[in-house]
Amino acid sequence: MRPIASVHDIPLGEGRTFAVDGDMIAIFRLRDGSVRATSAVCPHKGGPLADGQIDLKQVICPLHLNAWDLRTGCSLSGQPDVAVYPVSIDDDKIMLGD
Ligand code: FES
């Protein structure tokens, strides 16, 4: 587990992209204060998932409006699944990894 960012780097209800060991990871701060992490690259055609609309369950890619479950990475609209990563908050730091 390693610190990636401060929670204050991500406004509530939004996502941001971070480069981690050569991978682009989208970290989302849900409106209930919890966090989720997925690949930042949309599995459909490479759109920026961190710029998508989120609620407490899903992210909707801004390019073609396909949706993925933020907890499982499963597609909700018939596309390939997206990678998800374990992420948590420790004090005000966002921690990535188990
Ligand atoms: S690139 Fe994300 S839905 Fe098409």
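Q: What makes two strands count as paired here, and what makes a run of residues a strand?
A: Two strands pair if DSSP finds at least two bridges between them. Strands themselves are DSSP runs of E, at least two residues long, numbered from the N terminus. The model is predicted, so local features need pLDDT of at least 70 and side-chain atom pairs count only at pLDDT 80 or more, while totals for chains, interfaces and linings use all residues. Residues are numbered from 1 along each chain as its sequence is written, and side-chain values use heavy atoms, with hydrogens and water left out.

Q: Which strands form the open sheet, and in what order?
A: Three strands make it up, in the order β5-β6-β7, with antiparallel pairing. β5 (53–54) and β7 (67–69) are the edge strands, since each pairs on one side only.

Q: How do you know that β5 and β6 are paired?
A: Two bridges join β5 to β6 (residues 58–60), and the two run antiparallel. Pairing asks for at least two bridges, so β5 and β6 pair. As a detail to look up in the structure, glutamine 53 has isoleucine 60 in β6 as its bridge partner.

Q: Why is asparagine 66 called buried?
A: Buried means under 20% relative accessible area (exposed is over 50%, partly exposed in between; 1.4 Å probe, protein chains only). Asparagine 66 has 10%, so it is buried. You will find asparagine 66 in the loop between β6 and β7.

Q: What makes the link between asparagine 66 and serine 77 a polar contact?
A: A polar contact is a pair of N or O atoms within 3.5 Å; within protein, one must be able to donate a hydrogen and the other to accept it, and residues adjacent in sequence count only if both atoms are side-chain atoms. The side chains of asparagine 66 and serine 77 are joined at 3.0 Å, which meets that limit.

Q: Which residues does asparagine 66 touch?
A: Contact means heavy atoms within 4.5 Å. Leaving out residues up to four places away in sequence, asparagine 66 touches His44, Val59, Ile60, Cys61, Ser77 and Gln79.

Q: Why does serine 75 count as buried?
A: Its relative accessibility is 17%, so serine 75 falls under the limit for buried. Serine 75 sits in the loop between β7 and β8 (84–85), and a polar atom of its side chain lies 3.1 Å from the backbone nitrogen of glycine 78.

Q: How many disulfides are there by the distance rule?
A: A disulfide is a pair of cysteine sulfur atoms within 2.5 Å, and by this rule the count is zero.

Key: Helix = DSSP H or I, 4+ residues; strand = E, 2+ residues; numbered from the N terminus.
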